[in-house]
Amino acid sequence: MDWLFFGEISLAGLAMGGLYALIALGFVIIYKATRVINFAIGEIMMFAAYLFLAFAGGMEMSPWIALPLAVIGGSILGGVIEKTMIRPMLGESPISVVMVTIGIASILVGLVEFIWTADPQLLPNFLPREPVFIGELYLAPKIAYGFLIGSALLIIYLLYFRFSRGGVALRATASDQAAAYSMGINVRRVFNMAWVFGSLAASLAGVLVAATGGLSPQFGIIGLSVLVVVIVGGLDSILGALVAGVFIGWLETVAGAYLGGEYRMPATFLVLAVILVIRPYGLFGTHEIERV
Amino acid sequence: MRIGDAKQSYEADEAIWTSQTQKLWLGFFLLILLVFPFVVDSYLLYLGCLVGIAVISTTGLNILTGFTGLISLGQAGFMGVGAYTVAWLSINTALPFPVTLVLAGLMAAAVGILVGLPSLRVKGLYLAIATLAASVFLHFIFAEWESVTGGMGGLSLEPAHLFGLTFQSDFSMYFIIVPLAVLMVLAARNVFRTRIGRAFIAIRDRDISAEILGINLLRYKLMSFALSSFYAGVAGGLFAYFYRVVTPESFPLSMSIFYLAAVIVGGMGNLLGGILGAAFMTLVPEALKLLTAALTPFYPNAPVFMSPMLEIIFGALIVGFLIFEPHGLAEIWHRIRRFFRLWPFKN
């Protein structure tokens, strides 16, 4: 076995997994606060990446201005979706809410095709080009710097939720909605905030992933990988999202490199199936007990 | 106008056809179905066949999602199993189509039971994701098991045949698809008058309560999966006979979502809703095509925007129905019927 090759593949996979962890974090924030499974997260990522394309490519802004603008655009999109389409569904069955997010995903794909056509696009390169070596292992610069930027946001998020007022409100709502409400927390605003923050994480990851792999209206399919990540990690666990994100990213890349691209999805979904049978609530998720 | 049909016994209340008026209209509808292929052009005939297949598959999904409350994102995968079974049988054996279709249904039902196994432990969204995993595996098998499925190239099959008759044209396929659709919807209607169907509904309403009432959850959930996949398998088999080519790309994930959307737009847990939803969702893209064709002389760019418009309309229909009309087209239909119940003597 070629350990150097394995090491390089693993490294690339782990870096990709870091981005998955970021997207999964966005997913988990939304789920924890509002109990909504967001099937549209891949499409929100895609929309932000297309916004970046429009700002940096079409309007020729500096990528470092376009990136924050695109991410803000993506999070505004998340807020608008919550206000207009998710809030009216409050209290409906989870099936209905999930179907709404699937519908939103379809609308976003259509919008993107409408504005930017269905052709695949390349994002203007904005990350440094020098190859990165960790020890002897080569890592593609786009992936390496993408990972760095992603982790930076991840750490900011974790600190924010731990220490800031807004973060505490969010965690309080997640752990007991009624208690949070009676303590004067504006639950409506928390819901909206969760969508904004969740979409923000997804948007940044979207631009970074699109910068390495290109962009097309099918980009949202990555949402399926993220779904695997959050189920494996546990839907309501931030730690689970991080661990499972890195693991699934690694597994997908290694399976793709050794078995061929067609094995990527089946490999991760196999892990998913095993987890669903052994620990349906995920590695770190809360085991809910149901009563009549 | 439908008045004076107060029910005086439980049997009368539970009858499928409850009134003379209903029988009259139903007979009229069946007559239209019978005359339809003789009077319309080939395009409408093609659409009629498509709607028929969609009705069967949607009814199947409705049994699982609408009546038993188990969400499935694997419907397209089950249809694929049925389609590949039919394709393989028609290439390797000389069985007539009724046999191959039943085998396709049974094969899909077997796969459905396998996929349904986690349903005892997981439910709701977790189950939806388990079925999503199943559809990923099925797609993988369709694409990679080349000796049976022909790989990415797929399989081409001979037309359906029975007693030396071959069913090659859309016209002849219509007479397989539509009677079968009517039969299977009727069968589903009857299922919900039996213990099995009532058990499904009880599980949907509250599975723990259902278990306390003595319903064996695993057994009935698997039964629901089997029944639903049987419908999907038959629909997939008809799909194979209709297009006479089956590839892994014939049954994408978006197709599963399409059928879920049809169930929701039509009305969950309502067989009539399933029929309306299937017809509506099949015909919307076609209506959009016609609209595009009509607009092209004025806006030469119109065809370019058709596919994105379709995605947007598809999504907007799902979101719009869920927010504004959660009971779907069936509810609209009932509202119209209520209006005519006393018409023209309103109030």
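The dialogue below sets computed values against their definitions.

Tutor: This is a predicted model, in which local features need pLDDT of at least 70 and side-chain atom pairs count only at pLDDT 80 or more, while totals for chains, interfaces and linings use all residues. Residues are numbered from 1 along each chain as its sequence is written, and chains are lettered from A and ligands numbered from 1 in the order in which they are written.

Student: How many helices and strands does chain A have, and what makes a run of residues count as one?

Tutor: Chain A has eleven helices and two strands. Read from the N terminus, the order in chain A is α-α-α-α-β-β-α-α-α-α-α-α-α. Chain B has 15 helices and four strands.

Student: Why is the radius of gyration of chain A said to agree with that of a compact globule?

Tutor: The radius is taken over C-alpha atoms, and the globule rule is 2.2 Å times the number of residues to the power 0.38. For 292 residues the rule gives a value near 19 Å, and chain A has 19 Å, so the two agree. For the 347 residues of chain B the rule gives a value near 20 Å, and the chain has 21 Å, which agrees. Along the principal axes, the C-alpha trace of chain B spans about 65 × 60 × 45 Å, and the C-alpha atoms of chain A fill a box of roughly 55 × 50 × 35 Å.

Student: What makes helix 1 of chain A mostly covered?

Tutor: A residue is buried if 20 or more other C-beta atoms, placed from the backbone, lie within 10 Å of its own, exposed if 12 or fewer do, and partly exposed in between. In helix 1 of chain A, 23 of the 32 residues are buried, and the helix is accordingly called mostly covered. Buried residues make up 54% of chain A and 45% of chain B.

Student: Why are the buried residues of helix 9 of chain B said to line one face?

Tutor: In this helix, residues 195–205, the buried residues are Gly197(B), Ala199(B), Phe200(B) and Ile203(B). Seen down the axis, they fall within an arc of 155°, so they line one face; the arc is that of the directions from the helix axis to the C-beta atoms. The face turned away carries the exposed residues Arg195(B) and Asp205(B).

Student: What makes residues of chain B count as touching chain A?

Tutor: Two residues are in contact if their C-beta atoms, placed from the backbone, lie within 7 Å. By this criterion, 35 residues of chain B are in contact with 33 residues of chain A. Helix 14 of chain B supplies the largest share of its side, 13 residues.
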